[in-house]
Amino acid sequence: MPEAASPVIQVRDVTYLYEGTQAAALDHVSLTLQRGEFIAFVGQNGAGKTTLAKTFNGILLPTRGEVIVEGHETRAAGLDMLARIVGYVYQNPDHQIFSNTVREEVAFGPRNLGLTPEEVNKTVLHALELVDMQKDADTYPFLLGRGQRQKLAVASVIAMGSPVLVVDEPTTGLDLQGSLSIMELLRQWNADGRTIIIITHDMQVVAEYARRTVVMAQGRVLADGPTRAVLTDQAVLAQAFLKAPQITRLAQSLNGRFGLPRDVLTVKEFYAAMKERLNQRSGG
């Protein structure tokens, strides 16, 4: 996995109010995202997760404070520049798909970046290969299943070559295989050097993939740190009306009886810890 080298995004005392509202959707938020991180934003609906993420590429501009992306203040940078840096995949892929074929959908971004037809074609083919959709290149997007449309949305953003990728609810509406496919794709892109930010309610996905977790509630950051520490902090999770992954809660409930670690995050970790304790009891 790539090591964090330098800030790619800096959020400095940002407050955001949607027009016609008085309650702040973001309330004095400060955050620094390092290059190459895999970060999860978690919290209940209305916590401010998506609003915060939309300030990264200029979809939303802060009411107060500033967001710096690759050294550029978002108010001055403009959408064209920010789109080259931060790709955004919406929770519902149908909100960003509009072309008549899969190929045209993926080609839209690179073409608008000024690439030559040859470069566009090469980029499209590469993006479709990454999501294993070459055979669907000439298909009308809305004939695809939900999972395939999600992959298409991701491919369209990846084709832009953005070093930062925000994916809002990457597994919503997908079956287990579709969820694994998308998340492993994001894991690989992160290993290749991209900064990945997921917004999700799925705490098990957070436990399995994110190395850093940001907990939000009422427009504020309640916790920000290594995923293991954050997801086992019961007080913070309760304050945000969240629960640790089910396997973590099971391990904690068995802590007194079997002495299992309280910071187990995955089924694999649970199995290893339980096996070790049983071997110790049997003298094996």
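I take helices and strands as DSSP runs, numbered from the N terminus. On that basis I place Arg211 in the loop between α8 (203-209) and β9. The model is predicted, and I read it as such.

I checked how open Arg211 is. Its relative accessibility is 35%, so it counts as partly exposed. I then looked across to Pro226. Pro226 belongs to β10, where it stands opposite Arg212.

**Entry: strand β9**

I went on to β9 (residues 212-217). Six of its six residues are buried, and the strand is mostly covered. Which residues point which way? Arg212, Val214 and Met216 point one way from β9. Thr213, Val215 and Ala217 point the other way. All of these are buried. I noted the general rule beside this: in a regular strand the side chains alternate between the two faces of the sheet.

Next I listed the partners of β9. Strand β3 (residues 38-42) pairs with β9 in the parallel sense, over four bridges. There I found Ala40 opposite Thr213. Strand β10 (residues 220-226) runs antiparallel to β9, and six bridges join the two. β9 and β10 form a hairpin, with two residues between them. In the turn, Gln218 has a positive phi of about 50°.

**Entry: the open sheet**

I traced a sheet of four strands. It is open, its order is β2-β1-β4-β5, and the pairing is antiparallel. Which strands stand at the edges? They are β2 (26-34) and β5 (72-73). Each has a single partner strand, so one side of each is left without a neighbour in the sheet.

I then followed β1 (residues 7-16). It pairs with β2 in the antiparallel sense over six bridges. Val11 stands opposite Leu31 in β2. Val14 stands opposite Val29 in β2. β1 also pairs with β4 (residues 64-69), again in the antiparallel sense, over five bridges. On that side, the bridge partner of Arg12 is Glu66 in β4.

**Entry: aromatic pairs**

I counted ring pairs with centres within 6.5 Å. How many aromatic pairs are there? The count comes to five. I looked at two of the pairs closely.

One is Tyr16 with Tyr18. Their ring centres are 4.8 Å apart and their planes stand at 85°, so the pair is edge-to-face. Are these residues buried or exposed? Tyr16 counts as buried, because its relative accessibility is 11%. Tyr18 is partly exposed, with a relative accessible area of 35%.

The other is Phe98 with Phe108. Here the centres lie 4.9 Å apart and the planes are at 90°, so this pair is edge-to-face. I located both ends. Phe98 is in the loop between β6 (86-89) and α4 (102-112), and Phe108 is in helix α4. They are ten residues apart, and the pair links distant parts of the chain. Phe108 is partly exposed, with a relative accessible area of 40%.

**Entry: nonpolar cores**

I searched for the largest nonpolar core and found 50 residues in it. Which of them touch the most other members? I noted Leu165, Leu186 and Trp189. The largest share of this core comes from helix α6 (residues 146-158), which gives six residues.

I took Trp189 as a probe of the surroundings. I left aside its neighbours within four places in sequence. The contacts of Trp189 are then Leu130, Val131, Val154, Ile158, Leu165, Arg194 and Ile196.

A second core is separate and has 30 residues. Among them are Phe41, Leu52, Ala53 and Val214. Val214 takes me back to β9, where it is buried.

**Entry: helix α13**

I ended on α13 (residues 267-282). It has 16 residues. From its first C-alpha to its last it reaches 22 Å, close to the 22 Å expected at 1.5 Å a residue.

Which residues of α13 are buried? I noted Phe270, Ala273, Met274 and Arg277. They cover an arc of only 100° around the axis, which puts them on the same side of α13. On the other side, Lys268, Tyr271 and Ser282 are exposed. I checked what covers the buried residues of α13, and the cover includes α11 (246-253) and α12 (255-258).

Methods. Residues are numbered from 1 along each chain as its sequence is written. This is a predicted model: local features need pLDDT of at least 70, side-chain atom pairs count only at pLDDT 80 or more; totals for chains, interfaces and linings use all residues. Side-chain values use heavy atoms; hydrogens and water are left out. Rings of Phe, Tyr and Trp (its six-membered ring) pair if their centres lie within 6.5 Å; planes under 30 degrees apart count as stacked, over 60 as edge-to-face and the rest as tilted. Buried means under 20% relative accessible area, exposed over 50%, partly exposed in between (1.4 Å probe, protein chains only). Two strands pair if DSSP finds at least two bridges between them. The expected span of a helix is 1.5 Å times one less than its number of residues. The arc is that of the directions from the helix axis to the C-beta atoms. Contact means heavy atoms within 4.5 Å. A nonpolar core is a set of buried Ala, Val, Leu, Ile, Met, Phe, Trp, Tyr and Cys residues joined through side-chain atoms within 4.5 Å.
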